[in-house]
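Subject: Handover of a model

Hello,

Here is the structure I said I would pass on. My notes on it are below the entry.

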Amino acid sequence: MATGRTHRPATRSRGIPEATVARLPLYLRALTALSERSVPTVSSEELAAAAGVNSAKLRKDFSYLGSYGTRGVGYDVEYLVYQISRELGLTQDWPVVIVGIGNLGAALANYGGFASRGFRVAALIDADPNMAGTPVAGMPVQHTDELEKIIEDNGVSIGVISTPAGAAQQVCDRLVAAGITSILNFAPTVLSVPDGVDVRKVDLSIELQILAFHEQRKAGEEAGAEAVAADAAAEAAPTDAPVAESAAEAPAAPAVRAETTDRKGPDGDVPAVMPA
């Protein structure tokens with residue numbers, strides 16, 4: 001059984017590294033924003049900054065696509081949009097089914113980014129019979145009894161699971177049996193799938209926990225820096241005690257009182273200490 005593998009049908013034969021494939025959508029998003037502003041060309045440095053990577057890595061990634069840009073001019077924005085879209089398989093229509101129309105599933109159904117990026121929501125499916133026929137994002141919810149027929153009728157190859165964790169594996173098994181080969185999993189569980197089926201997992205709680213870890217570490221680093229600064233300030237302070245200027249500031253008298261009289265000992269010496 002295999003889990004969590006990346007869907008990469010268009011790039012396996014071309015030898016594009018998976019790390020590069022994972023960055024292509026970042027480049028496409030940045031390029032699309034430039035295209036919408038009618039920007040004709042972009043330098044590797046500008047595009048890398050917009051995508052959140054370094055320019056050397058970007059140029060290496062684009063070399064796998066056979067795109068090297070023009071010295072002094074940069075990259076043609078529209079051509080790169082087409083080139084990356086083709087590499088990602090976004091120049092064709094991809095019908096998608098969403099299974100589990102709770103709060104998250106309904107939010108995904110209303111997400112406008114699917115259609116603009118080459119994905120068409122073909123059906124919304126839920127196990128609750130009371131949900132059947134209920135319109136969500138302008139589309140009636142269908143019952144899971146019809147799942148296999150829906151997939152066959154619409155030629156679906158991508159399934160989105162947004163069910164509770166306990167139902168996710170059963171839904172996954174039915175999707176795979178019906179011919180689904182790529183799954184986007186929002187359920188907080190790990191799915192087991194056979195070879196040839198690719199799963200991408202999106203777990204919002206895990207992402208939040210990772211952010212909490214970084215917040216905690218930053219707070220610890222700040223506290224450590226403050227402690228170091230306090231120690232440095234203490235070391236830099238004068239070490240000589242101030243001279244007492246009043247009786248209140250004077251050190252306490254010792255238990256044994258020193259006498260400074262003219263009384264002498266048997267040998268004629270002045271004792272250093274005399275009894276009180």
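This is a predicted model: local features need pLDDT of at least 70, side-chain atom pairs count only at pLDDT 80 or more; totals for chains, interfaces and linings use all residues.

Residues are numbered from 1 along each chain as its sequence is written, and side-chain values use heavy atoms, with hydrogens and water left out.

Whole chain

The secondary structure comes to nine helices and nine strands; these are DSSP runs numbered from the N terminus, with helices being H or I of at least four residues and strands E of at least two. Of the 276 residues, 32% count as buried. Buried means under 20% relative accessible area, exposed over 50% and partly exposed in between, with a 1.4 Å probe and protein chains only. Among contacts (heavy atoms within 4.5 Å) between residues at least 6 apart in sequence, 55% join residues at least 24 apart.

Helix pairs

Two packed helices are described by the angle between their axes and the distance between the axes. Axes are lines fitted to C-alpha atoms, for helices over the stretch in contact, and angles run from 0 to 180 degrees between N-to-C directions.

Helix α1 (residues 18-36) packs against helix α2 (residues 44-51) at about 110°, and their axes are 9 Å apart. That angle makes α1 roughly perpendicular to α2, a label for 65 to 115 degrees, where angles under 35 count as roughly parallel, over 145 as roughly antiparallel and the rest as oblique. The crossing of α1 past α2 is right-handed; a crossing is right-handed if the near helix is turned clockwise from the far one by less than a right angle, and left-handed if anticlockwise. On the α1 side the contact is made by L26, Y27, A30, L31 and L34, and on the α2 side by L47, A50 and A51. By class, this contact has eight nonpolar residues, no polar and no charged ones. Nonpolar covers Ala, Val, Leu, Ile, Met, Phe, Trp, Tyr, Cys and Pro, charged covers Asp, Glu, Lys and Arg, and the others, Gly among them, are polar.

Helix α1 also packs with helix α4 (residues 77-87), at an angle of about 145° and with axes 9 Å apart. Here α1 passes α4 in a left-handed crossing. From α1 the contact takes L24, Y27, L28, L31, T32, L34 and S35, and from α4 V77, E78, L80, V81, I84, S85 and E87. These residues divide into nine nonpolar, three polar and two charged.

Single residues

For A137, phi is about 55°; its place is the loop between β5 (135-136) and β6 (139-143), and a relative accessible area of 44% makes A137 partly exposed.

S55 belongs to helix α3 (residues 55-64) and counts as buried at 19% relative accessibility. Leaving out residues up to four places away in sequence, S55 touches S44, E45 and A48.

D203 lies in the loop between β9 (198-201) and α9 (204-236). D203 is buried at 10% relative accessibility, and its side chain makes a polar contact with the side chain of S205 at 2.6 Å. A polar contact is a pair of N or O atoms within 3.5 Å; within protein, one must be able to donate a hydrogen and the other to accept it, and residues adjacent in sequence count only if both atoms are side-chain atoms.

Regards
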